[in-house]
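Student: I would like to know how the labels on this model follow from the values. Please take them one at a time and give the cut-off behind each.

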Amino acid sequence: MFDILVYLFDNYHAPAACPETDVLARRLAAAGFPDHDIDDALAWLSGLADSTRDCMDLAVAQAPVLPRIYADIEYQRLGSEAVGFLTFLESAGVLGSALREIVIERAMALQESPVALEALRIIVLMVLWSQEADIDNLILDELLDDDEPRRLH
């Protein structure tokens with residue numbers, strides 16, 4: 001599923017550029033993605049649209065980042081590494097309170113425990129993409145980091 005989400009980010013500059021769901025499903029199948037992954041990705045994206053609508057008032061208000069106290073189930077499901085990464089993104093000014101809540105909701109929808117950091121990075125990327133947010137190149141590099149050692153130039 002995450003390969004499809006990255007594919008969408010790479011191939012569509014904004015969510016509005018994506019075709020309707022049935023056309024998108026056919027294009028993804030033509031690109032070689034398995035049907036079950038396509039179904040999972042489209043369901044996840046539908047959930048993202050629902051979460052965005054539910055949090056729209058918070059996003060429009062651009063409320064300052066408020067401290068977040070995680071429920072036990074959230075902390076267990078996300079894991080300390082993911083919570084730390086979210087805190088980093090908040091302190092860097094990448095995620096406000098509303099977007100953080102959307103990221104948490106979409107991560108919880110995965111039913112993974114704990115959520116892998118690589119998965120959380122893609123979730124954050126897709127949430128920012130869905131909001132058509134400008135993403136700083138350093139943050140984009142952090143979100144697309146594959147954890148491989150880098151050569152310094």
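Student: What makes Glu-101 partly exposed, rather than buried or exposed?
Tutor: Its relative accessible area is 22%. Buried means under 20%, exposed means over 50%, and partly exposed covers what lies in between (1.4 Å probe, protein chains only). Glu-101 at 22% is therefore partly exposed. Arg-68 has a value of 22%, so it gets that label as well.

Student: What should I know about the model before going on?
Tutor: It is a predicted model, in which local features need pLDDT of at least 70 and side-chain atom pairs count only at pLDDT 80 or more, while totals for chains, interfaces and linings use all residues. Residues are numbered from 1 along each chain as its sequence is written, and side-chain values use heavy atoms, with hydrogens and water left out.

Student: How do you know that Arg-68 and Glu-101 form a salt bridge?
Tutor: The term requires a side-chain nitrogen of Lys or Arg within 4 Å of a carboxyl oxygen of Asp or Glu. The closest N and O atoms of Arg-68 and Glu-101 are 2.6 Å apart, so the pair qualifies.

Student: Why is that pair said to tie parts of the chain together?
Tutor: Arg-68 is in the loop between helix H4 (56–61) and H5, whereas Glu-101 is in helix H6, so the bridge joins parts that are 33 residues apart in sequence. Helices here are DSSP runs (H or I, at least four residues), numbered from the N terminus.

Student: Which other bridges involve Arg-100, and is Arg-100 buried or exposed?
Tutor: Arg-100 pairs with Glu-90 at 2.9 Å between the closest N and O atoms. Glu-90 lies in helix H5 and Arg-100 in helix H6, so this pair ties together parts 10 residues apart in sequence. Arg-100 also bridges to Glu-101, at 3.2 Å. With a relative accessible area of 3%, Arg-100 is buried, and Glu-90 is buried too. A network of salt bridges links Arg-68, Glu-74, Glu-90, Arg-100 and Glu-101. The structure holds seven salt bridges.

Student: How many aromatic pairs are there, and what makes a pair?
Tutor: There are two. Rings of Phe, Tyr and Trp (its six-membered ring) pair if their centres lie within 6.5 Å; planes under 30 degrees apart are stacked, over 60 edge-to-face, and the rest tilted.

Student: What makes a nonpolar core, and which residues touch the most other members of the largest one?
Tutor: A nonpolar core is a set of buried Ala, Val, Leu, Ile, Met, Phe, Trp, Tyr and Cys residues joined through side-chain atoms within 4.5 Å. The largest has 48 residues, and Leu-78 and Leu-120 touch the most other members. Its largest share, 11 residues, comes from H7.

Student: Why is Ala-16 called exposed?
Tutor: Its relative accessible area is 70%, which is over the cut-off, so Ala-16 is exposed. Ala-16 is in the loop between helix H1 (2–11) and helix H2 (21–30).

Note on methods: Helix = DSSP H or I, 4+ residues; strand = E, 2+ residues; numbered from the N terminus.
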